[in-house]
Amino acid sequence: MQIKMKIKFLFVGGVAFLVDASFYLLLTNVLSLSPLSARVVAFAIAVFVTCTGNRLLTFSMRNHAAFYKQFGLALVAGLISLIPNLAVFLGLLFVLPTTIGFELIAFMSGTIAGIVSNYILSDRFVFSECG
């Protein structure tokens with residue numbers, strides 16, 4: 001059961017990653033936002049996608065609180081998970097050359113760092129069995 005949930009979580013996360021990366025690239029290359037500003041905006045959009053997907057797919061067998069409550073919890077979990085995400089992202093931006101290829105490596109590495117935190121918080125906090 002746990003393996004299937006993790007696979008579903010990774011699938012939802014993969015979809016959210018594509019949304020996240022697409023918005024990041026759009027915001028930095030088309031709207032000329034700074035990498036950090038673009039990262040924060042793209043992240044917020046990805047949290048919505050992740051919360052919705054995990055509610056409908058990964059943790060669908062659980063009793064759920066109202067969506068707005070779970071989304072609020074998902075934002076909190078996302079903000080907590082943003083700490084390792086941004087730490088890795090900004091750390092790599094600091095040491096790697098400034099090119100789109102290395103920015104994407106930093107972006108992906110930060111995302112991976114946040115996945116572990118997000119899974120634990122989602123499983124035990126956001127989508128835990130209610131009442």
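At 60% relative accessibility, Ser32 counts as exposed, a term that stands for over 50% relative accessible area, whereas buried means under 20% and partly exposed lies in between (1.4 Å probe, protein chains only). Ser32 is placed in the loop between H1 and H2; helices here are DSSP runs (H or I, at least four residues), as strands are (E, at least two), and they are numbered from the N terminus. The phi angle of Ser32 is near 55°, a positive value in a residue other than glycine.

The structure is a predicted model, in which local features need pLDDT of at least 70 and side-chain atom pairs count only at pLDDT 80 or more, while totals for chains, interfaces and linings use all residues. Residues are numbered from 1 along each chain as its sequence is written, and side-chain values use heavy atoms, with hydrogens and water left out.

Ser32 follows helix H1. The 29 residues of H1 should span 42 Å at 1.5 Å a residue, and the end C-alpha atoms of H1 are 41 Å apart, which agrees; the expected span is 1.5 Å times one less than the number of residues. The buried residues of H1 are Met5, Phe9, Val12, Ala16, Asp20, Ala21, Tyr24, Leu27 and Thr28. They pack against H2, H3 and H4, where contact means heavy atoms within 4.5 Å.

Two packed helices are described by the angle between their axes and the distance between the axes. For H1 (residues 2–30) and H4 (residues 100–126), the axes come within 10 Å and cross at roughly 140°. Such axes are lines fitted to C-alpha atoms, for helices over the stretch in contact, and the angles run from 0 to 180 degrees between N-to-C directions. The residues of the contact divide into 13 nonpolar, 5 polar and 4 charged. In this grouping Ala, Val, Leu, Ile, Met, Phe, Trp, Tyr, Cys and Pro count as nonpolar, Asp, Glu, Lys and Arg as charged, and the others, Gly among them, as polar.

Gly110, in helix H4, is buried, with a relative accessible area of 0%. Leaving aside residues up to four places away in sequence, Gly110 touches Asn85, Val88 and Phe89. Thr111 also belongs to H4 and counts as buried at 13% relative accessibility; with the sequence neighbours up to four places away not counted, Thr111 touches Phe17, Arg39 and Asn85. Asn118, again in H4, is buried with a relative accessible area of 18%.

Helix H2 (residues 35–58) has buried residues that include Arg39, Thr50, Cys51, Asn54 and Arg55. The buried residues of H2 pack against H1, helix H3 (67–95) and H4.

The largest nonpolar core has 22 residues, and those with the most contacts inside it are Tyr24, Phe59, Ala74, Phe89, Phe107, Val126 and Phe127. A nonpolar core is a set of buried Ala, Val, Leu, Ile, Met, Phe, Trp, Tyr and Cys residues joined through side-chain atoms within 4.5 Å. H1, H2, H3 and H4 are the elements that give two or more residues to this core.
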